[in-house]
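Please look over the sequence and the structure shown here before reading on.

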Amino acid sequence: MSPNPLDDLDALLRAIPGDPGCSEGDGLLDAYVELELAGKDAALTYPGIAIHLRSCPGCRTDHDGLLEAARLFGTVEPD
Amino acid sequence: MSTGQRTGLDRDSLGWLDELCDGHPRREQAIARLHELLVRVAVHELGRRRAQLGAVSGPEFDDLVHQSADDALLKILGKLDEFEGLSRFTTWTCKFAMLEVSNKVARHTWNRQRPSGDLEWRSLPDTFTPPPGEQLERREQLLALSAAIEELGARQREVFVAIAINGAPIDLVALELGSNRNAIYKNLFDARRNLRRALAARGYPLLSEDGTGT
């Protein structure tokens with residue numbers, strides 16, 4: 001059973017200043033993920049994206065998928 | 001990307017860019033290899049999103065895989081000059097596959113559910129009405145929120161109720177409303193901010209000013 005969103009109104013109504021929206025997130029998502037894979041603090045370099053990923057379920061799903069895909073398939077060479 | 005910018009790239013990324021250039025003798029092989037990578041990413045990602053896809057298998061699943069990989073490949077080949085080297089080339093390409101999968105999954109779900117009218121996300125669920133046993137302050141807070149939602153503009157109200165309350169996928173809502181994810185997210189963000197302010201104005205400020213928990 002899914003959790004009731006009304007149980008955490010603070011999260012339900014999260015609207016953090018500095019959230020750049022989905023477009024900037026899409027553009028730099030690969031750079032963000034690459035830093036994470038390198039064990040670096042991606043949120044320090046891209047704070048706006050870190051904020052956005054906390055609040056946007058669509059971009060968070062894409063981020064999680066990209067992190068996994070880059071980890072699994074990122075070492076493929078051209079030939 | 002200029003020759004000067006290329007100096008910071010890793011060896012594999014340089015190899016990809018070189019071989020994908022027009023006129024390179026191994027360009028076709030590199031494109032085939034890239035397509036193979038995109039197919040693998042799409043298969044993996046569509047598997048990860050099975051819950052949203054529903055009962056899709058066989059040729060239908062394969063179609064989604066190849067549509068995603070084909071469209072991602074076209075976009076990548078058309079944007080090679082825009083690769084800035086902020087990530088490995090493969091990570092950059094995986095991003096295009098990911099965005100195509102997102103798009104295809106949303107459209108597939110929408111095509112399946114829309115005709116049967118299953119998009120029941122426009123009304124506040126019963127659970128929104130606090131039960132009699134709920135603490136008085138909690139009851140009043142929820143009633144204040146309910147009233148504030150009713151006062152939102154039509155688009156913000158629809159988007160907020162669909163995504164935040166009823167858990168509808170943002171891409172599905174974007175398709176239903178003839179919009180895109182970024183615009184719908186802006187509606188959602190504004191709705192959340194307005195509701196937070198409205199609750200505070202009614203005497204029910206939340207723990208933090210913006211939801212950061214600080």
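## Basis of the description

This is a predicted model, in which local features need pLDDT of at least 70 and side-chain atom pairs count only at pLDDT 80 or more, while totals for chains, interfaces and linings use all residues. Residues are numbered from 1 along each chain as its sequence is written, and chains are lettered from A and ligands numbered from 1 in the order in which they are written.

## Chain A

Chain A has 5 helices and 0 strands, where helices (H or I, at least four residues) and strands (E, at least two) are DSSP runs numbered from the N terminus. With a radius of gyration of 15 Å, well over the 12 Å that the globule rule gives for 79 residues, chain A is more spread out than a compact globule; the radius is taken over C-alpha atoms, and the rule is 2.2 Å times the number of residues to the power 0.38.

Along the principal axes, the C-alpha atoms of chain A fill a box of roughly 50 × 30 × 20 Å. Of its 79 residues, 39% count as buried, that is, 20 or more other C-beta atoms lie within 10 Å of the residue's own, whereas 12 or fewer make a residue exposed and values in between partly exposed, with C-beta atoms placed from the backbone.

## Domains of chain B

Chain B is assigned domain 1 (3-116) and domain 2 (126-201), with bounds that come from an automatic or database domain assignment. Their centres, taken over C-alpha atoms, are separated by 34 Å. The contact between them takes 6 residues from domain 1 and 5 residues from domain 2, two residues being in contact if their C-beta atoms, placed from the backbone, lie within 7 Å.

## Nonpolar cores

The largest nonpolar core has 59 residues, and those with the most contacts inside it are Leu38(B), Ala97(B), Phe160(B) and Leu188(B); such a core is a set of buried Ala, Val, Leu, Ile, Met, Phe, Trp, Tyr and Cys residues joined through C-beta atoms within 7 Å. Helix H6 (residues 89-113) of chain B gives the most to this core, with 8 residues. Domain 1 and domain 2 of chain B both give residues to the core, so it lies between them.

## Where the chains meet

Between the chains, 51 residues of chain B are in contact with 38 residues of chain A. Among the helices of chain B that each supply at least two residues to this side are H2 (11-20) and H10 (181-201).
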